[in-house]
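Let's take a friendly walk through a protein model. Keep the picture in view and find each part as we come to it.

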Amino acid sequence: MPNVASSPAELIARLTGAARLDGERLRIDDVAAFRDRGIRDLAWTAAFATDEPTVDAARWLVWEASQALGALSASIHDLYMARARGEVAGFTVPAINLRAQTFDMARVAFEAATDGDVGAFILELARSGQTYTYQRPADYATSILAGAIAAGWQGPVFIQGDHYQFNAKKYQADPEAMTEEIRRACRLAIDAGYRNIDIDSSTLVDLSLPTVDEQQRENYRRAAELTALIRGLEADGVTISVGGEIGEVGKENSNEAELRAFLDGYRRELAARLPGAIGISKVSVQTGTSHGGVVLPDGSVGTAAVDFGVHERLGAVARKEYGLAGTVQHGASTLPDELFHRFVEVETAEIHLATGFQNLLFDHPAFPSELRRTIDSWCVGNAADERKPDETEQQFIYKTRKKTIGPFKRELWDLPTKDAILADQKEKIAFLYRELGVDGSRSMVDRYVEPVRVSRPLPEALRGVAVAG
């Protein structure tokens, strides 16, 4: 079991023989030992230490190790621009939303990528997920990079902030305050090392207005404003990949008129705010799916009807008329396995996958039955206000159990049966890589994406330790 250090000095002591501080830099003496016990102690300490200096020390050590060992946070923007130019095609990039067991899930995702020579994949977390999974951007980026190190990964690591979404009710009450929430979220993500952010102002679309431009106006105006902000925060020469969205997932399916209205308005607004600025690289559309899937009364997930024609038609418009990589699919992880290759056939640029992995964890035969009962009881006792009158117990628990990921974070990371579950998660991820056409994509990614090494200043928490060493 990995150790959680109680101080920065203890953390450095635990790395003895694997790594050490040399002045204000991290030196790795035994790569194999560091990738094994060293990185696990760092990941667990970053996630579970109770004092901020120790957490800061662990985060810094993981970041510096990622720079030294070549697992570098990167932007997928240039690959998407190559797709927009027609230089690459025939694949759909999986964006895997890791909510639980983040270190180990990242590790198996990178291991599966190594096995399949995969380079085009993203690991992401929705802004709403930060709260209920107890993972701020700095926590999440640390776990992802630690997982990459443990897997022996060398190359670009695409970490994405998913659904940086406006709350429509809050926006209506105070537009500036709601927008500032998203601005702050972008700043925190970029500071943490994210190089990919999806802005979701589609919740501001008002279909009651008379023209499509008016319906999309608040959406494209805020998306352009936040893009300009992100461009101003780029400090290491990397163009952050920014995504937009035209239709809220679970609402009406998107159409060409909405896409053109959004992109035309977005371009005008961005040019007015920051002339010459690089815009979004992709756009999310609604095709008939919903986040979490369609939950049946027995708690199982039904099959949503996906209109693949939306991707085929709108993707072509996005690429040919606006120079984007294409369209993005949300709410797809619970779809039947036989549908995933269809996204490649219609040239969907990216697909977001979340709940399916959560279900595979909670519903796995190896998941401890006592912990499952405890989690179900937590939902009943702590999320009762979310229960609808017509919901069965199974539907209610299915809908709310994601909120147990934070409160039971340590239990899930230390799950005694996790190896069996992770083996199946890895198999599922490898299947998705194959079905989505990204097997063998590593050389393509390396051709277009050049990660930048960025060392961070030694934190105060380690300064005294460094002097003593």
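Predicted model: local features only at pLDDT ≥ 70, side-chain atom pairs only at ≥ 80, totals over all residues.

## Two pairs of packed helices

How do we describe two helices that pack together? Two packed helices are described by the angle between their axes and the distance between the axes. Here are those values for two pairs.

| Helix pair | Angle between axes | Distance between axes |
|---|---|---|
| α5 (residues 102–116) and α7 (residues 137–150) | about 45° | 7 Å |
| α10 (residues 212–233) and α11 (residues 256–273) | roughly 40° | within 8 Å |

Which residues of α5 meet α7? On the α5 side they are T102, F103, A106, R107 and F110. Their partners in α7 are Y140, S143, I144, A146, G147, A148 and A150. Sorted by class, this contact has eight nonpolar, three polar and one charged residues.

Now turn to the other pair. The residues of α10 that meet α11 include V212, Q216, Y220, A224 and A228. Across from them, the α11 residues include A257, A261, F262, Y266 and L270. By class, the contact of α10 with α11 has ten nonpolar, four polar and seven charged residues.

## A strand with neighbours on either hand

Next, find strand β7 (residues 196–200). Is this strand enclosed or open? Five of its five residues are buried, so β7 is largely enclosed by the rest of the structure. In a regular strand the side chains alternate between the two faces of the sheet. Here, N196, D198 and D200 are on one side of β7, while I197 and I199 are on the other, and both faces are covered.

Which strands does β7 pair with? One partner is strand β6 (residues 155–165), which pairs with β7 in the parallel sense over four bridges. You can find Q160 standing opposite N196 in β7. Another partner is strand β8 (residues 241–245), which runs parallel to β7 and is joined to it by three bridges. There, G243 in β8 is the bridge partner of D198.

Let's finish with some individual residues. T404 lies in the loop between α16 (393–400) and α17 (409–413). Is T404 buried or exposed? Its relative accessibility is 0%, so T404 counts as buried. Leaving aside neighbours within four places in sequence, T404 is in contact with F362, I375, W378 and C379.

E411 sits in helix α17. With a relative accessibility of 38%, E411 counts as partly exposed. From E411 to V285 there are 126 residues in sequence and 36 Å in space, C-alpha to C-alpha.

A461 belongs to helix α20 (residues 460–468). How far apart are A461 and A58 in sequence and in space? They are 403 residues apart in sequence and 9.7 Å apart in space, going from C-alpha to C-alpha. Not counting residues up to four places away in sequence, A461 touches P8, P53 and A57.

Conventions:
Residues numbered from 1 in each chain as written. Heavy atoms only, no water. Axes fitted to C-alpha atoms, helices over the stretch in contact; angles between N-to-C directions. Helix = DSSP H or I, 4+ residues; strand = E, 2+ residues; numbered from the N terminus. Contact = heavy atoms within 4.5 Å. Nonpolar A, V, L, I, M, F, W, Y, C, P; charged D, E, K, R; others polar. Buried < 20%, exposed > 50% of the residue type's maximum accessible area, 1.4 Å probe, protein only. Pairing = 2+ DSSP bridges.
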